[in-house]
Structures are given as C-alpha cells and as structure tokens.
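Please open the model in your viewer and keep the selection tool at hand.

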Amino acid sequence: MTTPAHVAIIMDGNGRWAKARGLPRVAGHKAGVEALRHTVRAAAELGISWLTVYAFSSENWSRPKSEVADLMGLLRIFIRRDLADLHKSGVRVRIIGDRTSLQPDIRGLLEEAEVLTAGNTSLTLVIAFNYGGRDEIARAAQQLAEAVKRGEIASEDITPELFAEHLDTAGIPDPDLVIRTSGEIRLSNFLPWQSAYSELIFQPCYWPDFTREHLAEALREYTGRERRFGGLAACDVAL
Ligand code: IPE
Ligand code: IPE
Ligand code: MG
C-alpha cells in the first residue's frame, strides 16, 4: 500500500510526559505544541496530504478549570505565533468541532486561520478542537431533521453519503490511518464515523516525544497492511 493520503493523530500523553519529569501538566502541553510543529513539517515532507490532530475533546472540559484555561491559552498562542509560518509553507488550516461554546476571541482566531489559508494547496492541517464524535453526529442529525421538517428532503433521502455532508468533516476524505500515542488503546470519541475503515496504530511514546521517525515508522507499518473495505484481497478476487 502507498503513503496514506490522510493521517489522523490522537496526541495523547502530555500529562504523563510532564509527570515523569516532575513538571506541571502544562509543561507537557507546551512540549506537545512543539511536537505538533515538527509533525506538521514531517507530514508534508513525507507526502501526506491531510493531517488531522485531536487537540481538545468535548470531554476535556471535565478537567480542572486551570488546565482547560492552559489548553485554551496554548491554542491562542499556537494560532498567533504559527499562522504566518503555516501560511508561508502553503498549509491550509481547517477546524472541526463545536465552536459555539468557545470564547469569541478563540472563534475569531480559528476563523482567521481558515480564511487566511483557504487557498493553500500543500498539506491540509485539520485541528479537532472541542471535538467529540458523538456530538458531531448528533449535530449532523439535528441539521438533517430540520431539513426534513422544512420539506427540503425526505427522510428516505438520508444515506451515509448525505449524512457525511453534514458532519464537520464534510469535504475531507476519511482518515486512512489513525495513530494514537501514549500507549492507550482506544479512540476516545475521535472520528468514530470517519474511521470506520481506518487502519489503527498505537504507539507507546508520549506525544511530546513523537518525532518524524515515529511518523515514518507508522507509515511503514501502514504500507504492510491490507485494506479490504469489506471486499476481498486483490489476490483472492481472481480465484
Ligand atoms: C493529551 O495529553 C492532550 C489533551 C488531551 C488535551 P493528556 O493531557 O491527555 O495527557 P495524559 O493522557 O494525561 O498523559
Ligand atoms: C483524547 O485524549 C483527547 C485528546 C488527545 C485531545 P484523552 O486523554 O482526553 O482521552 P482519555 O480520557 O484517556 O480516553
Ligand atoms: Mg490523555
């Protein structure tokens, strides 16, 4: 198999990385932003077209207020400091997740990042922020239910393809490969619809330690996998 067009990463383990060093959790999140910077560069160099990163889940609000504030602050800093560089490197930014409950200045920054980079054609960086798959699916169902109520579509018209057009990821191909760092073997509400046929790779390293070599290693493992999408392997079709 060739290089995956779309790689999605659950960037996990910042807190444990910090704890192992006797540092506060926020130090792990800061180191995580640095790992994100070099991963975006590495992904573009390795020929990936779409990179989705899970930065803040709709369940992460349940963390202590101070940690939530730190994470919001780091997003602000990331967009303010890195947007110009991302734009210069031809990166297009897209945001998925529910923006309605974010602070207005953050919503403004996210919008600015998307508008400024909309015409870029190198890597697309999709940032999942205040994202939860169940929430995304429920919001899509609400939109469709309203369209049915207005008489714009009939309920029988709702196919998986139409449904997907109402998800935050409309227009984004499904991830070919989902990587999770930190050794946890679960998806934690990340792209449950879109990852139905994704290859999954779990790596033990904490996110701040993630390097280009970890990404390259995941791509090598992906190359050795055989995707069937419910069909048969190419070599079995002729039998
Ligand atoms: C991932 O690291 C970053 C976010 C969830 C925002 P964690 O903060 O979950 O780190 P661990 O899992 O506690 O080590
Ligand atoms: C998933 O990690 C969310 C992000 C990486 C942003 P969590 O650390 O929140 O997930 P759980 O709680 O271990 O399942
Ligand atoms: Mg975690």
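Begin by selecting Arg-186 together with ligand 2: a polar side-chain atom of Arg-186 lies 2.8 Å from an oxygen atom of this ligand. Please bear in mind throughout that the model is a predicted one.

**First stop: ligand 2**

An N or O atom in the side chain of Ser-188 is 2.6 Å from an oxygen atom of ligand 2. How much of ligand 2 does the protein bury? Taken alone, ligand 2 exposes 390 Å², and the protein buries 77% of that area.

If you display the pockets, you will find ligand 2 in the largest pocket.

**Second stop: inside strand β2**

Stay with strand β2 and select Val-53, which belongs to this strand. Is Val-53 buried or exposed? Val-53 is classed as buried because its relative accessibility is 0%, and the limit for a buried residue is under 20%. Leu-36 and Val-53 are 17 residues apart along the chain, and their C-alpha atoms are separated by 8.4 Å.

Move to Asp-12, which is located in the loop between β1 (6–10) and α1. Asp-12 has a relative accessible area of 17% and is therefore buried. Display its side chain and that of Ser-182: the two make a polar contact at 3.1 Å.

Centre the view on ligand 1. How many residues surround this ligand? There are 13, and the closest are Asp-12, Gly-15, Arg-16, Arg-25 and Arg-63. Select Gly-15 and show its backbone, where an N or O atom lies 2.9 Å from an oxygen atom of ligand 1. Arg-25 approaches through its side chain instead: an N or O atom there is 2.9 Å from an oxygen atom of the ligand. Taken alone, ligand 1 exposes 380 Å², of which the protein buries 87%.

Colour the helices next. Helices α1 (14–20), α2 (25–45) and α3 (65–88) each supply at least two residues of the shell around ligand 1. The largest share, 3 residues, comes from α1. Ligand 1, too, sits in the largest pocket.

**Last stop: two cysteines**

Finally, select Cys-205 and Cys-235. Which of the two is buried, and which is exposed? Cys-205 is buried because its relative accessible area is 15%. Cys-235, with a relative accessible area of 57%, is exposed, since the exposed class begins over 50%. A disulfide is a covalent bond between the sulfur atoms of two cysteines. A search for such bonds in this model gives 0 disulfides.

Definitions and conventions. Residues numbered from 1 in each chain as written. Chains lettered and ligands numbered in written order. Predicted model: local features only at pLDDT ≥ 70, side-chain atom pairs only at ≥ 80, totals over all residues. Heavy atoms only, no water. Disulfide = S-S within 2.5 Å. Buried < 20%, exposed > 50% of the residue type's maximum accessible area, 1.4 Å probe, protein only. Near = heavy atom within 4 Å. Polar contact = N/O pair within 3.5 Å; in protein donor to acceptor, adjacent residues only side chain to side chain. Areas by Shrake-Rupley, 256 points an atom, 1.4 Å probe, with all protein chains shown as cover. 1 Å grid on protein atoms, 1.4 Å probe; cavity = no way out; pocket = protein on both sides within 12 Å on 5 of 7 lines; lining within 4 Å. Sits in = over half its atoms within 2 Å of the grid points. Helix = DSSP H or I, 4+ residues; strand = E, 2+ residues; numbered from the N terminus.
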